[in-house]
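Here is a brief report on charged pairs and a nonpolar surface patch. View the structure first, then read on.

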Amino acid sequence: LLSGLVSVVRRNLYSGQADIRFFEVGNRYLEGAKGRFPKEERMLALALSGEGRAGWLEKKRPPSFYDLKGAVDDLINRLGIRSLEAQAAEHSMFQPDQGVSLMVKGEAVGFYGTLSDRARKIFDLEKSFFYAELSLEKIARHARRAKAVREIPKFPASPRDLTLILPEDLKAEKITKRIRHMAPDLVSKIE
């Protein structure tokens, strides 16, 4: 997944995007036992790079290792995983002391860190590049919270004020009931 995300990030940096924050879900293929097919594992990859962005209360700054760490920690916490262990990862793709391996109950579930200068040179990246890769299958086994997922609406929400001129004897309650009956999937709130 790394090479694909690097390609997307590089293309966006060259086209003038200042704040790069991407994710990708894809498969990783691991060597299987002799005479067997490779093992396929669903992965989540995160990438941060660029010049950064300004927030409401903070000045513009480039993303950092700690921004990536915060994103990974937030995901893990939202899934209710409390037994996460982070260990230093001495991997050649990361800067020294800026690589982390993630374990849950003794099982490796992912890693993250700052791409090394050598790796950035190979990928032709001038800006710092922060990368995480997590096994969705392994994380799902340890997740405690079931998350409800809804389909993205075909028509995005559009708050509107609507004024109706109606007879005085017509009650508001009757109008709201009728609206809810006619379009229950389209109307989320009536005040």
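## Salt-bridge network

A network of salt bridges links Arg28, Glu41, Glu133 and Lys138. The model is predicted. Across the whole structure, a search finds eleven salt bridges.

Arg28 is partly exposed, at 25% relative accessibility. Glu41 is buried, with a relative accessible area of 1%; the cut-off for buried is under 20%.

## A pair within helix α2

Asp73 and Lys69 form a salt bridge through their side chains (2.7 Å, N to O). Both residues sit in helix α2 (residues 65-78), four residues apart, a separation of about one helical turn. Asp73 is partly exposed, with a relative accessible area of 23%. Lys69 is also partly exposed, at 31%.

## Arg21 and Asp19

The side chains of Arg21 and Asp19 meet in a salt bridge at 3.1 Å, N to O. Arg21 has a relative accessible area of 35% and is partly exposed. Asp19 counts as partly exposed at 23%.

## Nonpolar surface patch

Leu162, Leu164, Leu166 and Leu170 make a nonpolar surface patch of about 380 Å². Where is Leu164 found? Leu164 is in the loop between α4 (136-142) and α5 (172-182). Its relative accessibility is 47%, so Leu164 counts as partly exposed.

How values were computed:
Residues are numbered from 1 along each chain as its sequence is written. This is a predicted model: local features need pLDDT of at least 70, side-chain atom pairs count only at pLDDT 80 or more; totals for chains, interfaces and linings use all residues. Side-chain values use heavy atoms; hydrogens and water are left out. Patches are made of residues with over 30% relative accessible area and no salt bridge: like charges are joined within 9 Å, nonpolar side chains (Val, Leu, Ile, Met, Phe, Trp, Tyr) within 5 Å. Accessible areas come from the Shrake-Rupley method with a 1.4 Å probe; for residues, only the protein chains shown count as cover. A salt bridge is a side-chain nitrogen of Lys or Arg within 4 Å of a carboxyl oxygen of Asp or Glu. Helices (H or I, at least four residues) and strands (E, at least two) are DSSP runs, numbered from the N terminus. Buried means under 20% relative accessible area, exposed over 50%, partly exposed in between (1.4 Å probe, protein chains only).
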